[in-house]
Amino acid sequence: MDERIEELEIKIKELLKQKEYHAIRNLLEDSNEADIAEIIETIEDEDDVVRVFRLLSKDSAAEVFSHIPIEYEKMIIESLTNQEIGQIMNELYSDDAVDMLEEMPANVVKKVLAATDSETRRDINSLLKYPEDSAGSVMTVEFVDLRAYMSIAEAIERIRKIGVDKETINNCYITDEQKYLIGTLTLREIILAGANEKISDLMEDNVITVHTLDDQEEVAKQFQKYDFSVMPVVDNENRLVGIITADDVMDILEEEATEDIEMMAAITPTDQPYMKTSVLGTYKKRIPWLLLLMISASITGKIITGFEDALSACVILTAFIPMLMDTGGNCGSQASVSVIRALSLDEVEFGDLPLIIWKEMKVSILVGLTLAIANFFKILLIDQTSMLIAFVVCLTLLVTVIGAKFVGCTLPVIASKLGFDPAVMASPFITTIVDAISLLVYFSVAGMFLNI
């Protein structure tokens with residue numbers, strides 16, 4: 001929170017104590033809705049949260065409502081009358097309304113829908129039918145549609161008439177009587193055109209669209225590819241049903257990035273902010289993966305147990321096990337993160353696997369030789385063991401690095417091909433696999449050269 005918002009927060013909280021509600025209303029009228037939402041999150045008393053919200057104008061209330069966390073939305077909804085709820089819901093854009101309702105308990109959803117007008121309720125219900133994380137579930141139905149036969153003067157008149165309640169008027173969509181999308185035209189092109197020119201002569205008929213059932217991550221990639229600020233959404237018959245705007249894409253990118261980070265750390269993804277997630281909730285998200293990894297890590301223990309005689313014959317070998325396992329895990333993680341990022345950006349696909357392996361093998365040889373040479377002199381000068389022991393450890397290190405890079409670059413690609421999130425095959429799983437490989441290589445090389 002920056003200094004300007006902190007000052008506003010202090011003023012509002014002080015005025016709340018003094019019950020100077022008129023002064024609070026004046027402050028809120030001159031403040032940005034996103035800043036107001038941030039301040040509301042800092043108010044601890046539920047009654048004060050509702051009081052501040054009730055002081056907002058009708059238009060500002062809907063905008064603030066779309067910015068606050070779901071627990072505050074629920075708190076406010078439960079405190080408002082049906083008329084007040086209806087005013088907010090009718091002012092909210094349909095995608096924001098759906099995002100809110102998807103997180104609400106059934107009884108609250110029922111109350112909200114009962115308070116909205118029939119048109120808003122129809123729009124919300126239609127969006128709620130689409131699969132979660134699909135383009136249909138994040139789109140808004142508030143857009144400007146025009147007809148090809150209209151003149152520029154008629155188009156401007158229609159934009160003035162219906163544009164006030166639309167999420168954006170920068171891009172207008174040309175449809176026929178059956179709602180089939182046949183073209184697009186920007187507001188800039190409309191304003192710069194002559195009043196008597198026809199929409200059909202100016203519109204761009206090669207329209208790039210997304211489908212209602214497309215995954216939201218694919219939608220975000222389309223935005224990045226074409227550098228769009230808004231994109232139309234069509235159904236199976238190419239009928240225009242909604243639009244997705246850049247602010248929706250920003251939310252999608254944040255959600256997908258958070259999910260990938262959590263998956264790479266072996267945490268079940270959650271929509272709740274960290275500080276808003278309970279201890280029990282955090283525990284439930286983490287423990288299944290930790291149990292799975294703990295059980296899978298027991299494989300390394302079995303390997304060490306199987307080579308107890310070798311370790312007894314040459315105890316010094318034990319000292320280098322952590323270094324080999326850690327180095328192998330780090331190398332595997334580097335390869336996997338690079339490949340996962342390339343997959344998420346569509347830089348590589350399954351058909352590129354041979355090229356990916358070939359590149360990582362060349363990298364692994366260079367990295368492995370550098371680490372092995374540095375480690376060889378370190379063992380001789382600092383650990384002061386025999387040259388043969390140093391050779392065994394460093395040869396194992398080289399093979400481990402090569403094996404780790406191979407595992408790290410192939411598993412995410414294979415997971416993606418099988419329909420799994422490649423982020424699942426990140427650090428924890430790869431480290432477990434590489435640990436087992438490094439131990440098997442270590443004891444095999446030691447047995448070959450040390451006769452143990």
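Trainee: Which residue meets Arg 158 in a salt bridge?
Mentor: This is a predicted model, in which local features need pLDDT of at least 70 and side-chain atom pairs count only at pLDDT 80 or more, while totals for chains, interfaces and linings use all residues. Residues are numbered from 1 along each chain as its sequence is written, and side-chain values use heavy atoms, leaving out hydrogens and water. A salt bridge places a side-chain nitrogen of Lys or Arg within 4 Å of a carboxyl oxygen of Asp or Glu. At 2.8 Å, N to O, the side chain of Arg 158 meets that of Asp 145.

Trainee: How many residues apart are Arg 158 and Asp 145?
Mentor: Helices (H or I, at least four residues) and strands (E, at least two) are DSSP runs, numbered from the N terminus. Arg 158 belongs to helix 12 (residues 152-162), whereas Asp 145 belongs to strand 1 (residues 144-146). The pair thus links distant parts of the chain, and its separation is 13 residues.

Trainee: Is Asp 145 buried or exposed?
Mentor: Relative accessible area under 20% means buried, over 50% exposed, and in between partly exposed (1.4 Å probe, protein chains only). Arg 158, at 27%, is partly exposed. Asp 145, at 7%, counts as buried.

Trainee: How many residues apart in sequence are the parts that Lys 179 and Asp 145 tie together?
Mentor: The side chains of Lys 179 and Asp 145 meet in a salt bridge of 3.1 Å, N to O. Lys 179 lies in the loop between strand 2 (171-175) and strand 3 (181-186), and Asp 145 in strand 1, so the parts tied together are separated by 34 residues.

Trainee: In which helix are Lys 74 and Glu 78 about one helical turn apart?
Mentor: Lys 74 forms a salt bridge with Glu 78, with 2.9 Å between the closest N and O atoms. Lys 74 is partly exposed at 29%, and Glu 78 is partly exposed at 43%. Being 4 residues apart, the two are separated by about one turn of helix 6 (residues 70-79).
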